[in-house]
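Colleague: I would like to learn how to read a few features of a protein model. Please take them one at a time, with the general idea before the case.

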Amino acid sequence: MCRGPAAIDAFLDREAAVAVVTSYASALDARDWVAYRALFTDEIAIDYGAIGSLVATVPADEWTNRCKTLEGFDATAHRLHNIVATIEGDHATVASIVDAVHLVGIEDRALLGDLIGRYTHRLVRGDGWRIAGVTLTVVGYPAGKEAFDDAFAAARAIFAEGSTG
């Protein structure tokens with residue numbers, strides 16, 4: 001076990017990487033797109049194929065704009081836990097469990113799209129840690145996959161209506 005200044009530096013480095021990942025979830029839920037965009041390198045490798053979404057390397061601005069669809073929801077909560085950061089030089093991998101709840105009201109009912117999954121964030125060090133890639137793996141849909149898809153379809157429609165109106 002490391003002791004002394006090297007151990008403190010390693011601890012602070014891991015905490016800084018974890019802070020970037022928790023900021024990812026916090027900025028999504030706060031709809032703070034400036035803060036969200038600031039977390040990324042200029043290009044980011046996205047793998048959200050597990051939910052039928054993007055699998056590509058795209059400009060971070062494009063990914064940020066794509067995530068703005070979350071504005072169609074009344075509320076979201078991306079709760080992260082069991083976070084483990086591994087640092088190798090100027091590269092870090094931060095793995096976590098995500099419990100993501102997405103709520104949208106339509107007419108006289110609420111739709112709930114929730115999932116339990118794993119995030120794997122890949123970070124690089126430059127001027128601080130930045131996210132260069134993120135993979136979402138789904139473990140399950142507590143309310144069912146159909147409920148998840150229905151909530152997202154409703155939120156996308158609400159967002160599209162607000163964007164063009």
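Colleague: Which residues form a nonpolar patch on the surface?

Modeller: Like charges are joined within 9 Å, and nonpolar side chains (Val, Leu, Ile, Met, Phe, Trp, Tyr) within 5 Å. Accessible areas come from the Shrake-Rupley method with a 1.4 Å probe, and for residues only the protein chains shown count as cover. Here Ile8, Phe11 and Leu12 make up such a patch, with about 310 Å² of accessible area together. Leu12 belongs to helix α1. This is a predicted model, in which local features need pLDDT of at least 70 and side-chain atom pairs count only at pLDDT 80 or more, while totals for chains, interfaces and linings use all residues. Residues are numbered from 1 along each chain as its sequence is written, and side-chain values use heavy atoms, leaving out hydrogens and water.

Colleague: How many aromatic pairs are there?

Modeller: A pair of aromatic rings is described by the distance of the centres and the angle of the planes. Rings of Phe, Tyr and Trp (its six-membered ring) pair if their centres lie within 6.5 Å; planes under 30 degrees apart count as stacked, over 60 as edge-to-face and the rest as tilted. The count by this rule is 9 aromatic pairs. In one of them, Tyr24 and Tyr36 are tilted, at 5.2 Å centre to centre with 45° between the planes. Tyr24 lies in helix α1 (residues 5–30) and Tyr36 in helix α2 (residues 33–37), so this pair ties together parts that are 12 residues apart in sequence. Helices are DSSP runs (H or I, at least four residues), as are strands (E, at least two), numbered from the N terminus.

Colleague: Are Tyr24 and Tyr36 buried or exposed?

Modeller: Buried means under 20% relative accessible area, exposed over 50%, and partly exposed in between (1.4 Å probe, protein chains only). Both Tyr24 and Tyr36 are buried. Phe148 and Phe152 form another tilted pair, at 4.7 Å centre to centre and 35° between the planes. These two are also both buried.

Colleague: How do strands β3 and β4 run?

Modeller: Two strands pair if DSSP finds at least two bridges between them. Strand β3 (residues 75–88) and strand β4 (residues 91–106) run antiparallel, joined by 12 bridges. Their hairpin has 2 residues between the strands, and Gly89 in the turn has a positive phi of about 65°.

Conventions:
Patch = residues over 30% accessible without salt bridge, like charges linked within 9 Å, V, L, I, M, F, W, Y side chains within 5 Å. Salt bridge = Lys/Arg side-chain N within 4 Å of Asp/Glu carboxyl O.
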